[in-house]
Amino acid sequence: MTPTPFLVAVDVVVFAIRRGRLEALLVRRANDPYRGRWALPGGFVEAREDLEAAARRELREETGLADLHLEQLYTFGDPKRDPRGRVISAAYLAVAPPGKSAARAGSDAAAVAFHAARQPPAIAFDHAAVLAKAVDRLRTKSEYSTLPLRLLDSPFTLSELQRVYEVLLERPLDKRNFRKKMLALEALEETRGFRREGAHRPAKLYRLSPRSPNLLKEKGILFPF
């Protein structure tokens, strides 16, 4: 049997917490196919290029974003996913804290903007399925990993961190139990700084401990409380 020729691509789902909700970064395509439609940042992998290197390059070229936490999400290979031919895509999930989320349209994009991740506009290719898979993965990892902490600029208050978890889990969390659980995980490192939040007394500032593992299954965040 003659092997079917195919191309390898990467797609990147970049999440940020903006306007009190989970948003994903989309680019408006400047070229065919789907010219003028929104899509995830991405493109074809070069001959001598590592997959993650390709994902970071495409993200930088199309949106200007760099140095984000990036992890592989899933491989998408439906034969009809791309009208240009047989294209297999390795999708990546990235998280952008506010200080690293200022995106700009690159050479291959007519525009770039963050949109509601759970209710996005119509998007090209099979990117709606890719985005839905990424939203589910991010929510699931909120229950056992330090990934949500990477959505915040460092340092941050525990109240700011709780708001991130409430956005991801789509429900309110008890303040006292949340703080007790997070501090028990030993994933946070207390700094010497404080930040005033409203009329309340200044709140302590924390950051993700450099000694903390990415996965916390041994201790378990185990939401809901």
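Predicted model: local features only at pLDDT ≥ 70, side-chain atom pairs only at ≥ 80, totals over all residues.
**Nonpolar cores**

The largest nonpolar core contains 38 residues. Within this core, Phe15, Leu93, Leu138, Leu161, Tyr165, Met182 and Leu188 have the most contacts. At least two core residues come from each of strands E1 (7–18), E2 (21–29), E5 (69–76) and E6 (87–95), and also from each of helices H2 (127–141), H3 and H4 (175–184). Helix H3 contributes the most, with 7 residues. In soluble globular proteins, nonpolar side chains tend to be buried together.

Leu161 is one of the residues with the most contacts inside the largest core. Apart from residues up to four places away in sequence, Leu161 touches Leu149, Leu152, Phe156, Phe178, Met182 and Leu188.

**Packing of H3 on H4**

The axes of H3 and H4 lie 11 Å apart and form an angle of about 100°. H3 is therefore roughly perpendicular to H4, since angles of 65 to 115 degrees fall in that class. On the H3 side, the contact involves Leu158, Ser159, Leu161, Gln162 and Tyr165. These residues meet Lys175, Phe178, Arg179, Met182 and Leu183 of H4. By type, the residues of this contact comprise 6 nonpolar, 2 polar and 2 charged.

| Residue | Helix | Relative accessible area |
|---|---|---|
| Ser159 | H3 (residues 158–169) | 15% |
| Thr63 | H1 (residues 51–63) | 0% |

Ser159 counts as buried because its relative accessible area of 15% is under the 20% limit. With neighbours within four places in sequence left aside, Ser159 is in contact with Arg179 and Glu197. Arg179 is also among the H4 residues in the contact with H3.

Thr63 is likewise buried, at 0% relative accessibility. Residues up to four places away in sequence aside, Thr63 touches Leu25, Val27, Pro41, Ala103, Arg104 and Val112. Within helix H1 (residues 51–63), a polar atom of the Thr63 side chain lies 2.6 Å from the backbone oxygen of Leu59. The C-alpha atoms of Thr63 and Lys133 are 21 Å apart in space, and the two residues are separated by 70 residues in sequence.

Methods:
Residues numbered from 1 in each chain as written. Heavy atoms only, no water. Helix = DSSP H or I, 4+ residues; strand = E, 2+ residues; numbered from the N terminus. Buried < 20%, exposed > 50% of the residue type's maximum accessible area, 1.4 Å probe, protein only. Contact = heavy atoms within 4.5 Å. Polar contact = N/O pair within 3.5 Å; in protein donor to acceptor, adjacent residues only side chain to side chain. Core = buried A, V, L, I, M, F, W, Y, C linked by side-chain atoms within 4.5 Å. Axes fitted to C-alpha atoms, helices over the stretch in contact; angles between N-to-C directions. Parallel < 35°, antiparallel > 145°, perpendicular 65-115°, else oblique. Nonpolar A, V, L, I, M, F, W, Y, C, P; charged D, E, K, R; others polar.
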